[in-house]
Amino acid sequence: MQTEQDLEKLVHTHTAALLRYCTGLLGSEADAQDAVQQTFIKAWQNRHTLRRDGTDNERAWLYRIAYRTALDMLRAARRAAAYPTPEPLEQDPGISEELRSALDTLKPLDRALVLERVLDGLDYKTLAQIHTRPAGYLRTRYNRAKKQLAERLKEGESDDV
């Protein structure tokens, strides 16, 4: 990505997927929009870090930036928890409240893996590039997260009966 035209193409190509991903991570479309905007700003500022030798791809590179941006926002929100706002969080219309509650109980990496695999269909090679961890480790983490999610959803069903 060397020119503004390259950035414009990147924005048009990846905005919708990154917005969906960040909404899933952050639980708020407004926060997700901020995260996606910050992702593209950081991408432009750090465009020299995208390797053009075939070892990196733009999608994984952007997801890695988006993931770290969302984590920073979650940490900031945790620090600001002493000052709660009365404004309710906007929920992702594609995720039920029950599923959102279950996802919120997962660690951020586990939540990200579930969203990346289920919503975006990313493969483990791409996940390894995003999270800079071995694909096998992420596969194990994802499977554990799925089991935890299933258990929490099952617990929710038994509470309703």
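Asp 120 forms a salt bridge with Arg 20, and their closest N and O atoms are 2.4 Å apart. Asp 120 sits in the loop between H5 and H6, while Arg 20 belongs to helix H1, so the pair ties together parts that are 100 residues apart in sequence. Asp 120 counts as buried, at 10% relative accessibility. Arg 20 counts as partly exposed, at 33%. Keep in mind that this is a predicted model.

A search of the whole structure finds five salt bridges. Another one joins Arg 141 to Asp 110, with the closest N and O atoms 2.5 Å apart. Arg 141 lies in helix H7 and Asp 110 in helix H5, so this pair ties together parts that are 31 residues apart in sequence. Both Arg 141 and Asp 110 are buried.

Salt bridges can also form a network. Here one links Arg 100, Asp 104 and Arg 111. Within it, the closest N and O atoms of Arg 111 and Asp 104 are 3.9 Å apart. Arg 111 is buried, at 8% relative accessibility. Asp 104 is partly exposed, at 41%.

Now look at helix H4, residues 97-104. Its buried residues are Arg 100, Ala 102 and Leu 103. They cover an arc of only 165° around the axis, which puts them on the same side of H4.

Next comes the nonpolar core. The largest one has 41 residues, and Tyr 21, Cys 22, Leu 25 and Tyr 67 touch the most other members. Helix H3 gives the most to this core, with ten residues.

Definitions and conventions. Residues are numbered from 1 along each chain as its sequence is written. This is a predicted model: local features need pLDDT of at least 70, side-chain atom pairs count only at pLDDT 80 or more; totals for chains, interfaces and linings use all residues. Side-chain values use heavy atoms; hydrogens and water are left out. Buried means under 20% relative accessible area, exposed over 50%, partly exposed in between (1.4 Å probe, protein chains only). Helices (H or I, at least four residues) and strands (E, at least two) are DSSP runs, numbered from the N terminus. The arc is that of the directions from the helix axis to the C-beta atoms. A nonpolar core is a set of buried Ala, Val, Leu, Ile, Met, Phe, Trp, Tyr and Cys residues joined through side-chain atoms within 4.5 Å. A salt bridge is a side-chain nitrogen of Lys or Arg within 4 Å of a carboxyl oxygen of Asp or Glu.
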